[in-house]
Amino acid sequence: MPMPKIVKTESRSGTSRGSSPVSGADPCDGCRLLQEADHRIANHLAMLAAFVRLKELELARGPAVPSAEAVQLLLETIRIQTDAVARLHRALASNGRHVFSDLAEHLHATCSPLASLLAGRVEVIEDFSPGCQVAPEQVLPLTQIVSEAITNAVKHAYSPGLGGNITVRGHQAELGGFVVEIADDGPGLPPGLDPGLEGGLGLRLMRALSKQLGGHLEFRSRNPGTLVRLTFPTGAALGEGPLYRQ
């Protein structure tokens, strides 16, 4: 019996079925986009794993039995970061390397779950300016810094049973880039503490993440409360910064 002939059919656009449309684009461009997306997600997952390991050390050094609120805050911050990576993955899959995230939406997604958890004791107030776009590499470090600052404020600014307000602001800086502030109305920084050089694992984590963003982190005692201010470059400026060379 003669072997059947394999006939290549043509689509109406003039290309073979299963082949790429003739558009002048590099046929490997899609592969490169997928590799770039995978690389970014892998970096974020590695950062998340490092965060979990750091928190494991922090728990080991803390009280033998941590409070229920401390455990809930820890689990919630891990869930928030996991959701941030998931959102980034969906955005990269849809838009490739040109994806950017709205700073206000991202900060709200970070603060809202913590506000729900702390409702009745600590009020988390949001004040975000629209139109600020952050790059994919900035998403998880921002999430970690903001959630860590809120957690630190709850732990150190308010004794068990006492409450207050934590205000999170995000806006464009006057000289370019962005500013994110986390302010509480507690007693302020302990006397003699230099949070830019000293402090526990939480402060060390925040300082390391701000450097990864190519940003500047400062802490100020106010009357009342403590202000944490992060200033960092836009996504365009970040393209030549340290985060892209890791």
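**View 1. Secondary-structure elements that line the largest pocket of the predicted model.** At least two residues of this lining come from each of helix H1 (29–61), helix H2 (68–95), helix H4 (136–157), E5, H5 and E7, where helices (H or I, at least four residues) and strands (E, at least two) are DSSP runs numbered from the N terminus. H4 gives the largest share, nine residues. This is a predicted model, in which local features need pLDDT of at least 70 and side-chain atom pairs count only at pLDDT 80 or more, while totals for chains, interfaces and linings use all residues. Residues are numbered from 1 along each chain as its sequence is written, and side-chain values use heavy atoms, with hydrogens and water left out.

View 2. The lining divides into 26 nonpolar, 14 polar and eight charged residues, with Ala, Val, Leu, Ile, Met, Phe, Trp, Tyr, Cys and Pro taken as nonpolar, Asp, Glu, Lys and Arg as charged, and the others, Gly among them, as polar.

View 3. Five strands follow the order E2-E4-E5-E7-E6 with mixed pairing, two strands being paired if DSSP finds at least two bridges between them. Strand E2 (122–128) and strand E6 (216–221) are the edge strands, each with a single partner strand, so one side of each has no neighbour in the sheet.

**View 4. The pairing of E4 with E5.** Strand E4 (residues 164–172) and strand E5 (residues 178–184) are joined in the antiparallel sense over seven bridges, and Val168 has Ile182 in E5 as its bridge partner.
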